[in-house]
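Please look over the sequence and the structure shown here before reading the briefing below. The points that follow are grouped by topic.

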Amino acid sequence: ADIKVGKIARGRQELYHYLSLAQGIEKRSEVLADLADSYYLSGDYQVAANLFELVVKNSVPGGREMLLANLRLAQYRDGTTFKKSKWDKPQDLTDVNGDKPYLAVLDSHYRGAMSQEARYGLFMRYKVRKDLTSAYDIGRSFLRNSTDHKVGSVESKRAGDILLYLSREFLREKKYQKIYDLYFVDYRHLQDFSDGRLLYLVGQAMEGLGLYDQAAVVYYRALKWPLPEADKTDLYFRRAHVYLLKKDYAAADRLLTYLRKIYKDTSNIGEVLFYSGKLAEANNDRKGALDYYQQAVFSHTFLGKMNEYVSHAVGLALKLGYNDRAYEIWQQARHGGGLNQTDSQEWALKIANAFRNSRLWSKAVEVYKGCLAQEFPQKSRSAQFCNLYLGDSLLGLGNKSDGIVFYQKAEAGQDETIKKMASERLRQADISTQVSEMKKVIGK
């Protein structure tokens, strides 16, 4: 009784006294098991393990004391509960034979603290084996039988750890409905789990299911608890994305205004500016959106998303007829890094086409030549188009001989449609040359 209310030292003295008086194997094993567990509760795991070895030798097979001793020794060998001695050989958690002590407990005791310890031990073994199906089944069983929901309790923490692992793995496999079910069925375990990562993962599942209202709420609740800085930053961006998807532009504006302040002059500013641009565009402020998109490109942050930044910035600039600005943005991205060479070449082609369509031949020639720079693919469809239209632009400047050279390069490309276009231009150029020669002869 003293041990159960936290008076371990006093209770242990009484157990030693009872042990000296106990008669019969059953009574001695019961006292010995309680004594061993007193050391377990106080963190003296090596002593506890030694005493549990004695319990196994002095207990009736199949009895409660034998089950408890085998459970504790299995936990000790697995290292999932006990802190092992550095001299102890590590247990192979992938060996299914190691499951037996835990399964034996569950065969005899479905409810109670000992059965919960057995479930958690099995969960940890399945986790190491990456057996998600078994981990899910035993984890749900642990959650359903959990009775101690007090914040900070061992059982509450274990419930949270189970949910965190299952949510992370199901998210990785894009099994969003599984996480949704966990969230609503076992919400009592989530609401006071003091690790923001759990709700951060649940929010992503809601997002994956298209439940943007719920995702926004869950993301907001996650900020109540500690989060790794990288996860917290990503959560902010996900909130902005969700607000835009659900067209809650007022909430998006409040959040992004705050983020522009806290992330100013940091490596996170690019994404903030990008979402600010998307908000401005949603509000039909296209010039303001272009300013934000351009700043996102020029910030040279989030290089992994540079293709998306450039797509929005250059695309909008061209729609607005700001061809020079589109070219400036493309050049900045090209030299700043992070832009996929194939995508970069395609954007250069679109910018050059805009100049060509405006009959700004010199500017078009400049961009087409940039599009064919050595850093870009030379045999791509975009490169073939660049050669074709560069020929057109050179002819527009009156430089027919150089234009023909690029028509010939386009004709040598792989795309049959472009080859035919180039061949037709060469034929027309040849006819034009012949007509000019005839005029010279007739003129003479």
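A disulfide is a pair of cysteine sulfur atoms within 2.5 Å. By this rule the count comes to one disulfide in this model, which is a predicted one.

**The disulfide**
- The disulfide joins Cys371 to Cys386, with a distance from S to S of 2.3 Å, and the link is right-handed, with 70 degrees about the S-S bond.
- This pair links distant parts of the chain, since Cys371 belongs to helix H20 (residues 361-371) while Cys386 belongs to helix H21 (residues 381-396), 15 residues apart.
- Cys371 and Cys386 are both buried.

**A buried arginine**
- Arg119, which lies in helix H6 (residues 113-129), is buried and yet has no salt bridge.
- The nearest side chain of opposite charge to Arg119 is that of Glu155, which is 8.2 Å away, whereas a salt bridge needs a side-chain nitrogen of Lys or Arg within 4 Å of a carboxyl oxygen of Asp or Glu.
- Leaving aside residues up to four places away in sequence, Arg119 touches Leu106, Tyr110, Ile138, Ser141, Phe142 and Asn145.

**Positive phi values in loops**
- Lys247, a residue other than glycine, has a positive phi near 60 degrees; Lys247 lies in the loop between helix H13 (229-245) and helix H14 (249-262), and Lys247 is exposed, with a relative accessible area of 61%.
- Asp265, likewise a residue other than glycine, has a positive phi near 60 degrees; Asp265 is found in the loop between H14 and helix H15 (269-282), and Asp265 counts as exposed at 73% relative accessibility.

Notes. Residues numbered from 1 in each chain as written. Predicted model: local features only at pLDDT ≥ 70, side-chain atom pairs only at ≥ 80, totals over all residues. Heavy atoms only, no water. Helix = DSSP H or I, 4+ residues; strand = E, 2+ residues; numbered from the N terminus. Buried < 20%, exposed > 50% of the residue type's maximum accessible area, 1.4 Å probe, protein only. Lys, Arg positive; Asp, Glu negative; His and termini not counted. Contact = heavy atoms within 4.5 Å.
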